[in-house]
Amino acid sequence: MNIHNEHDEAVLTACKKFDEIHSNNDEPKWLKYCMSLNITKNEHKNWVVKFLIFPKPILKDNQYWDWQDDGIPLLVEIDPQTNKKSIVICGGEPIPPVVLFEVEIDINKNSVTVLRDTNLNQLDGSRYEINKR
């Protein structure tokens with residue numbers, strides 16, 4: 001089997017396992033708009049699929065998002081002394097994603113091992129970014 005087919009099979013297998021554990025009844029409606037996948041191979045040459053969500057950045061009191069006509073937000077900061085607005089180019093280090101679910105898939109042995117799982121009902125959807133892609 002070539003690597004592209006293995007990749008697709010790993011993603012499909014991971015999604016099936018996720019759905020098996022988290023029926024649509026316990027999956028919050030907002031989650032599908034925020035979730036991303038990270039697919040890699042580990043040292044055992046098995047596929048590792050991570051289901052990720054990204055926390056929203058925490059803004060300072062003098063910052064806000066200015067949404068442009070093209071749907072891209074700009075981070076704006078107001079100088080408290082002069083009230084002058086400026087665009088923030090870099091808001092600091094990126095916030096690492098939260099791994100909701102992670103599985104290791106051995107294609108040859110047809111096995112799936114759950115490495116991490118999260119109680120989805122405990123998540124607050126307002127704290128996570130909506131995918132922009």
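## Stop 1

Start with strands S3 and S4, which run antiparallel and are joined by five bridges. Before going on, a word about what you're looking at: this is a predicted model, where local features need pLDDT of at least 70, side-chain atom pairs count only at pLDDT 80 or more, and totals for chains, interfaces and linings use all residues. Residues are numbered from 1 along each chain as its sequence is written, and side-chain values use heavy atoms, with hydrogens and water left out.

Helices (H or I, at least four residues) and strands (E, at least two) are DSSP runs, numbered from the N terminus. Two strands pair if DSSP finds at least two bridges between them.

Now select Trp67 and look across to S4: the residue standing opposite is Pro73.

S4 and S5 pair in the antiparallel sense over three bridges. To see two partners here, pick Ile78, which stands opposite Lys85 in S5.

## Stop 1: the turns

Go to Gly71, in the loop between strand S3 (63–67) and strand S4 (73–78). The hairpin of S3 and S4 has five residues between the strands, and Gly71 takes a positive phi near 85° there.

Then hop to Asn83, which takes a positive phi near 65° in the hairpin of S4 and S5, where six residues sit between the strands.

## Stop 2: the nonpolar core

Select Ile53, Leu100 and Ile105: these have the most contacts inside the largest nonpolar core, which has 18 residues. Such a core is a set of buried Ala, Val, Leu, Ile, Met, Phe, Trp, Tyr and Cys residues joined through side-chain atoms within 4.5 Å. Helix H1 (3–21), helix H2 (31–34), strand S2 (47–53) and S6 each supply at least two residues of this core. In soluble globular proteins, nonpolar side chains tend to be buried together.

Stay on Ile53 and show its neighbours. Leaving out residues up to four places away in sequence, Ile53 touches Trp30, Leu31, Cys34, Met35, Pro97, Val98, Leu100, Leu123 and Tyr128; contact means heavy atoms within 4.5 Å.

## Stop 3: salt bridges

How many salt bridges are there? The count comes to three, taking a salt bridge as a side-chain nitrogen of Lys or Arg within 4 Å of a carboxyl oxygen of Asp or Glu.

- Select Glu6 and Lys41, whose side chains meet at 3.4 Å, N to O. This pair links distant parts of the chain: Glu6 is in helix H1 and Lys41 in strand S1 (residues 36–41), 35 residues apart. Glu6 is buried at 14% relative accessibility, whereas Lys41 is partly exposed at 38%.
- Select Lys17 and Glu20, which form a salt bridge at 3.1 Å, N to O. Both lie in helix H1, three residues apart, about one turn of the helix. Glu20 is exposed, at 58%.
- Select Arg116 and Glu102, paired at 3.9 Å, N to O. Arg116 lies in strand S7 (residues 111–116) and Glu102 in strand S6, so the pair ties together parts that are 14 residues apart in sequence. Arg116 is partly exposed at 39%, while Glu102 is buried at 10%.

Glu102 is found in S6 (residues 98–106), and apart from residues up to four places away in sequence, Glu102 touches Val48, Val49, Lys50, Thr113, Val114, Leu115 and Arg116.

## Last stop: the cysteines

Select Cys15 and Cys34. Cys15 is partly exposed, with a relative accessible area of 27%, whereas Cys34 is buried at 3%.

Technical notes
Buried means under 20% relative accessible area, exposed over 50%, partly exposed in between (1.4 Å probe, protein chains only).
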